Amino acid sequence: PYMKDTTREDKNISIEARVNEGIRLALGYTDCEDAINSYISYIGEMLQADRVYVFEKNEHMLDCNTYEWCGEGVAPEIDTLQNLDSEICKAWYEKFENNECIYVHDVEELKEVRPDQYDILTRQNIQCLVAAPLYDEGRVIGFYGVDNYKADTAEITSEILKFMSYFVVSCIKRRELMKELLDAGAQDHLTGLGNRYSFNRQIEKWNNVDNVVCVVLDVNN
């Protein structure tokens with residue numbers, strides 16, 4: 001009699017269940033950035049990884065590390081991974097456009113073929129990684145990945161990243177929307193300048209500054 005092989009199906013159910021649990025925990029945060037940080041922390045601990053991170057393209061199309069979780073004893077790298085030249089990850093983005101993940105099973109394999117990537121990865125003590133694309137309406141807006149994962153396999157790790165992508169992107173879009181709303185609420189629509197609300201926000205930022213000079217201009221004659 002025909003017997004259905006449910007091994008892969010059961011595996012996918014298990015992955016989805018674990019990812020959904022991470023989302024459930026992240027949804028407990030009202031701030032979208034806190035939600036992302038909660039989720040990548042959950043993924044990092046689940047995979048026993050050294051680091052989980054998110055990279056986004058900025059307005060100059062340079063890659064910036066915007067979120068990072070580090071395992072115990074692992075030094076953070078987020079401050080050193082800003083405004084990376086697009087050429088460094090160009091080959092990665094070509095694969096991302098085809099909905100492919102990046103697998104580096106042994107970073108030593110990059111030493112001769114991609115010395116620029118090799119230098120960045122070895123400086124961070126990375127031995128292996130998996131990176132997956134982030135899509136917004138069919139457009140690649142960045143990527144996210146896991147370094148030195150110790151649990152499961154590279155295939156399982158990539159499956160988890162694919163499952164979590166829609167949640168990360170939705171948080172990023174919500175963050176940008178909130179930023180637009182905040183900026184709009186702080187702008188005078190006639191002049192395009194900051195309004196009184198914007199002024200008060202700036203004064204709050206200067207609360208601990210010793211010396212401030214304020215110049216008042218009348219734009220209405």
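How many residues does helix 2 have, and how far does it reach from its first C-alpha to its last? Helix 2 (residues 32-46) has 15 residues and reaches 21 Å, close to the 21 Å expected at 1.5 Å a residue; the expected span is 1.5 Å times one less than the number of residues. Helices here are DSSP runs of H or I with at least four residues, strands are runs of E with at least two, and both are numbered from the N terminus.

A word on the ground rules. This is a predicted model, where local features need pLDDT of at least 70 and side-chain atom pairs count only at pLDDT 80 or more, while totals for chains, interfaces and linings use all residues. Residues are numbered from 1 along each chain as its sequence is written, and side-chain values use heavy atoms, leaving out hydrogens and water.

Back to helix 2: eleven of its 15 residues are buried, so the rest of the structure largely encloses it. Buried means under 20% relative accessible area, exposed over 50%, and partly exposed in between (1.4 Å probe, protein chains only). Among the buried ones are Cys32, Tyr39, Tyr42 and Met46.

Searching the whole structure turns up zero disulfides, a disulfide being a pair of cysteine sulfur atoms within 2.5 Å. For Cys128, the nearest cysteine sulfur is that of Cys101, 14 Å away. Cys171 has the sulfur of Cys32 as its nearest, at 6.3 Å. Cys171 counts as buried because its relative accessibility is 2%.

Now for the strands. Strand 1 (residues 51-57) and strand 2 run antiparallel, joined by seven bridges; two strands pair if DSSP finds at least two bridges between them. Val54 faces Tyr67 of strand 2. Five residues lie between the strands of this hairpin, and Met61 takes a positive phi near 65°. Strand 2 (residues 63-70) is mostly covered, with six of its eight residues buried.

In the loop between strand 2 and helix 3 (90-96) you'll find Glu77. Glu77 counts as buried because its relative accessibility is 9%. Leaving aside neighbours within four places in sequence, its contacts (heavy atoms within 4.5 Å) include Arg51, Glu68 and Arg123.

Finally, the rings. Tyr53, Phe55, Trp92, Tyr93, Phe96 and Phe143 are linked into a cluster by ring pairs. Over the ring of Tyr93 sits the charged end of Lys57, 4.2 Å from the ring centre; that label requires NZ of Lys or CZ of Arg within 6 Å of the ring centre and within 35 degrees of the ring normal. Rings of Phe, Tyr and Trp (its six-membered ring) pair if their centres lie within 6.5 Å, with planes under 30 degrees apart counted as stacked, over 60 as edge-to-face and the rest as tilted.
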